[in-house]
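Dear colleague,

Please find below the structure that I am handing over to you, together with its sequence. My findings follow directly after it.

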Amino acid sequence: MNQAVTTTSAHLRSVVVTGVARGGQLGDVIARRFAAGGARVSIVARSLADASARVTEMRAAGLDAHAFACDLADPDATVALAGRILASEDTANWTVVTLPALAEVNDRGSAKSFASACAAATSAT
């Protein structure tokens with residue numbers, strides 16, 4: 001079932017977007033749209049340099065973005081990423097939106113590992 005996601009700050013406080021290594025590609029466009037709607041966006045790319053480049057561009061436009069690096073093909077690294085992102089958030093007011101179509105390795109379960117780690121962390125608080 002497909003469901004539309006509202007990108008206004010009243011609905012989304014924090015969003016994690018993967019696949020944002022290159023400017024102008026789908027992940028970059030989606031991240032910018034969420035940020036323009038008022039969300040804090042965590043940009044994830046395999047390379048911290050790539051993620052940081054997108055964040056620099058977004059911050060120059062006045063958007064709230066933060067860079068993270070992770071190889072989503074590595075389930076342990078993916079779970080660790082969830083912990084790092086959650087540790088940087090105000091967990092009283094956050095939402096994780098997974099965009100599995102952007103994760104090339106989704107069929108190996110990494111996006112599920114990330115979502116599961118986030119769910120486990122929030123149920124513990």
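I begin with a pair in helix α2: Glu-57 and Arg-54 are three residues apart there, which means that about one helical turn separates them. An α-helix has 3.6 residues a turn, so residues three or four places apart point the same way. The side chains of Glu-57 and Arg-54 form a salt bridge, with N and O 2.9 Å apart. Arg-54 is buried, at a relative accessible area of 9%, whereas Glu-57 is partly exposed, at 35%.

**Salt bridges**

Glu-57 also forms a salt bridge with Arg-32, again at 2.9 Å from N to O. This pair links distant parts of the chain, since Glu-57 belongs to helix α2 and Arg-32 to helix α1, 25 residues apart. Arg-32 is partly exposed, with a relative accessibility of 25%. Through shared partners, salt bridges join Asp-28, Arg-32, Arg-54 and Glu-57 into one network.

The whole structure contains four salt bridges. One of them pairs Arg-22 with Asp-50, whose closest N and O atoms are 3.3 Å apart.

**Helix α3**

Helix α3 covers residues 75-87; its 13 residues should span 18 Å at 1.5 Å a residue, and the end C-alpha atoms, 19 Å apart, agree with that. The buried residues of α3 are Thr-78, Leu-81, Ala-82, Ile-85 and Leu-86. Seen down the helix axis, the buried residues fall within an arc of 125 degrees, so they line one face of α3. Asp-76 and Ala-87 are exposed on the other side of the helix. At the start of α3, a side-chain oxygen of Asp-74 comes to within 3.0 Å of the backbone nitrogen of Asp-76.

**The surroundings of His-66**

Which residues does His-66 touch, leaving aside those up to four places away in sequence? They are Arg-40, Val-41, Ser-42, Ile-43, Val-55 and Arg-59. His-66 itself is part of strand β3 (residues 65-69). Its side chain makes a polar contact of 3.3 Å with the side chain of Arg-40.

**Confidence in the model**

The protein chain has an average pLDDT of 74, and 61% of the residues score at least 70. Confidence is highest in helix α2 (residues 48-60), at a mean of 95, and lowest in helix α4 (residues 110-123), at 59. Residues 1-9 have a pLDDT below 50, and this stretch makes eleven contacts beyond near neighbours in sequence. Residues 100-108 are likewise below 50, with 16 contacts in the model beyond near neighbours in sequence. Where pLDDT is low, the predicted coordinates should not be read in detail.

With kind regards

Key:
Residues are numbered from 1 along each chain as its sequence is written. This is a predicted model: local features need pLDDT of at least 70, side-chain atom pairs count only at pLDDT 80 or more; totals for chains, interfaces and linings use all residues. Side-chain values use heavy atoms; hydrogens and water are left out. pLDDT is the predictor's confidence in each residue, from 0 to 100. Helices (H or I, at least four residues) and strands (E, at least two) are DSSP runs, numbered from the N terminus. Contact means heavy atoms within 4.5 Å. Buried means under 20% relative accessible area, exposed over 50%, partly exposed in between (1.4 Å probe, protein chains only). The expected span of a helix is 1.5 Å times one less than its number of residues. The arc is that of the directions from the helix axis to the C-beta atoms. A polar contact is a pair of N or O atoms within 3.5 Å; within protein, one must be able to donate a hydrogen and the other to accept it, and residues adjacent in sequence count only if both atoms are side-chain atoms.
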